[in-house]
Amino acid sequence: MNVKLLGRITGLTVLLTGMFMLVPMLIAVLDGEDANALSYAGTIALMAAFSALLLFFSRSRDRTFYAQEGFAATGISWIVMSLFGALPFYFSGEIPRYIDALFEIVSGFTTTGASILSNVEALSRCNLYWRSFSHWLGGMGMLVFLLAVVPEARKTAGSGIHLMRAESPGPSVGKLTPHLRQTAMILYGLYILLTALCIVFLLLGGMPVFDSFCIAFGTAGTGGFAIRNSSMGEYSLYLQSVVTVFMLLFGVNFSLYYLLLLRQFKSILKSEELRLYIGIAGGSILLITLNISGMYKSVYEAFHHAAFQVSSIMTTTGFATVDFEQWPAFSKSILFALMFVGACAGSTGGGLKVSRVLLLLKSIRRTIRKALHPRRVQIVRMDGRVVDEETSNNVNAYLAVYCVILLLSFIVISLDGYSIGTNISAVTACFNNIGPGFELVGATGNYGHYSDLSKLVLAADMLLGRLEIFPLLVLLSPDTWSRKR
Amino acid sequence: MKIIIAGDGKVGLALTRLLSQEGHDLVTIDSNREIIERDMQQFDVISIAGNCASMETLKEANVQQADVLIAATSADEINLLCCLTARRLNPSLHTIARVRSPEYIEQLYMMREEFGLSLMINPEREAAKEIFRLLQLPGFLKRETFAKGRVEIVELRITEHSLLENVILNHLLHVLGCKVLVCAVVRDGKAFIPTGDTMLYRGDHIYVTAPVAVLSDLMKRLGVTRRKIRHAMLIGGGRVSYYLAQSLIAAGVRVKIIEQNADRCLELAHMLPEASIIEGDGSSQSVLESEGIAETDALVTLTGLDEQNVITSMFGSMQGVPHIITKVNRMEFTGMLESLPVGSVVSPKELCSANVVQYVRAMQHQTGAAVTLHRIADGRAEALEFVINKHSRYIGEPLRNLHLKRNVLISCITHQGSTTIPDGNSCFQMGDTVIVVTNREAPILQFNDIFA
């Protein structure tokens, strides 16, 4: 383990995060809230000092690293980033307990959108901005941003792939162009472009400037922190529709947008993941519309809310226009199932990812066929290409670990004594980075009532879900820290 | 530049490393998934699994937008088909194919146009040529020629009681009595460009630039024996052996090849009627002794196993063979070999990868690119030959007035056929050939890059 390199990457991440805090500080200054500006300034100073020390002590020419370092660096960076990111909430006194502030910012960075606040509107604008912006940062990933802005030495340039693989969601992470830095730049370029488009459409619908930035950040990162207590409920139908469409767009694999720019329309249409994604979303919208049509004045209104909620849950955003807690059980069950499916690999969404679900379905089919014809030679294909055995094994292993962690967290938070429905949906919503669950943690509820232990477990679940488990598990393995390889 | 490397074996790997360090957009194609994974982890490249000769795979590698394709799979036929297909998909593509079968060489020179080949590389033949040149002028560990063969950079090892031991380079002319220039020194595995105050120590490997005419003088002064080689023993009967034996026989050297495989022995006997082919294990002491290893003038170990080559060479050195050349495929361990008595070390893949890099650089900078590029000191430094044209800066300016980048040395200037080792008063004119030695990490792509 190249510990100095870990230090360097963590130091750089903290430094960059601190730089992004300058914006909320500026907002606080403009709003004339000196105390809040000071709390941001203090945090930034702390982060600068921390990263300066870390970078100083981890000076080293050895920049090569392997999968192990990539995983560990990603895990540590995210943890340290969250520990610092929570400080402004705590210093400003608007979230008086540090554990709560930590829960809130982890929920932000992991694009979960689960909150402990019962009254969001009480927060000052700088804190609201920072909460929403953390979604945007966490959506595409801080380390991918690092790869885009920090030039690497040519000799070790290949190693960065380990960081990208550890941070980017999906069963197999590839590059768009031969140079990793270029790939990272393209990804962020597309991300910024789409976010800007979303802001423009929201502004056109008459949303206030501050709101449209925050809502666009929440949409782009598929996070779900809103700045009103009613989430998206008070906005006009047009604004809700814009958010519906953009949530779905941010749930699509970003490499497809790159192909769009390259005008390779055929390969986009060939993408089985995209087809399944659209199919699942379309099917669910249809079923829920039929199921809830009696509750609303017109079928169109039912469709509108069904579409919003499906795209919000499936892309793991977690905005709400209505209290879906009131919907019939069938609709809620569909939403619950969608929580697990999640968005496409390589998007900003969480969950299992559509491509993993697709591979799982294919391997189920293969197993059944194998039972019928034991000698039959079968190859799993996706997008016309052969999926190698290792990838499908990894998907199976991922599902297994996923279930174990889900169950363990469920049992631990049950200590608090809430109903099974609340607990299972809380764990599911946090682990899959969605935000709202059902019952006490539903669209109108929050996580404030859980004990500190449960909050920590849920925060850990959010990180595990965002980083797809292994980068954090690696940190726990004694192998990682032994001096010998 | 966008470069596709098809087939990522030994040569492909060396090329991937060199070209990705120069910052090109690389796509590698290989049918082996493990190799693909290794490439993705080690280098900043995109890797594609598939058959590089199929149109589908080539399209996936975006051959339509590529500038250069290098086909270096283990099969000549696939390489040729790959180049042919790629050229058809992209007529402006430059293609480089590795072709190693002796049977194809002649017809391919004839059919280069049809196959659309821009360059053919043959690592074994390059290696055989290199070994042959070393055997012609034994005593130097390595020889690189520049300026149409007028200048050479030779590698020497400073041994005990050498004339050069503990000599400061400023006194070199005084000690040797002939004007040569030490352009690179390898000490403890590190290469550096020396200055006038550098002192040479025992165990150093030095790279000396000298006009060819001065070389024999240099050898005499250094007391290196110059006995002509009359008899050479080649261990291993692969392609390198075949090419080398051909050249040696033509130069009147008696050749003995020891090869284990009976069928291959028959083939060799058929192709090389003048050589004596011995069927036997070249690593066995009794075979070597009975075939007269003690009496031979030169021992060249060319089997496919690096370890066996090294051991056999060490045995030869123990038996007192005056000239030994060892072929090593994996260059990772050459640092260790410097201290072992294995004579000169030759690596086929390094030789031909330098050719390809030179070709790519020349494509990139049509004017002012290096005419010749040799990687010296096991790839830790480069010697580049430039021709001065009207775009070159500081023409006619004495060298002492120029500010060169660090670790760059102008080691030789050839003016109208006469070669000089430059000093502060020398200058270069239009049309001159200048040899520059550097161990900078960032490559020197054109002549004007050497100035600070």
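Predicted model: local features only at pLDDT ≥ 70, side-chain atom pairs only at ≥ 80, totals over all residues.

Modeller: Residues are numbered from 1 along each chain as its sequence is written, while chains are lettered from A and ligands numbered from 1 in the order in which they are written.

Biologist: Which strands of chain B stand at the edges of the open sheet?

Modeller: The sheet has 5 strands in the order β18-β19-β22-β20-β21 (chain B), with antiparallel pairing; strands are DSSP E runs of at least two residues, and helices H or I runs of at least four, numbered from the N terminus. Two strands pair if DSSP finds at least two bridges between them.

Biologist: In β22(B), which residue is the bridge partner of B:A383?

Modeller: Strand β19 (residues 381–387) of chain B runs antiparallel to β22(B), joined by 6 bridges. On β20 (residues 408–415) of chain B, also joined to β22(B) by 6 bridges, B:I410 stands opposite B:V436. For B:A383, the partner in β22(B) is B:V437.

Biologist: How many residues of β22(B) are buried?

Modeller: A residue is buried if 20 or more other C-beta atoms, placed from the backbone, lie within 10 Å of its own, exposed if 12 or fewer, and partly exposed in between. B:T433, B:I435 and B:V437 point one way and B:V434, B:V436 and B:T438 the other, and all are buried. The count for β22(B) is 6 of 6.

Biologist: At what angle do α15(A) and α18(A) cross?

Modeller: The contact includes A:L276 and A:Y277 of α15(A) and A:L358 of α18(A), where contact means C-beta atoms within 7 Å. Axes are lines fitted to C-alpha atoms over the stretch in contact, with angles from 0 to 180 degrees between N-to-C directions. The helices are therefore roughly perpendicular, a label for 65 to 115 degrees, with under 35 roughly parallel, over 145 roughly antiparallel and the rest oblique. Their axes come within 9 Å and cross at roughly 100°.

Biologist: How many residues of α21(A) are buried?

Modeller: Among the buried residues of α21(A) are A:V457, A:L458 and A:M462. The buried residues pack against helices of chain A including α4 (67–85) and α19 (389–413). The count for α21(A) is 11 of 15.

Definitions and conventions. Contact = placed C-beta atoms within 7 Å.
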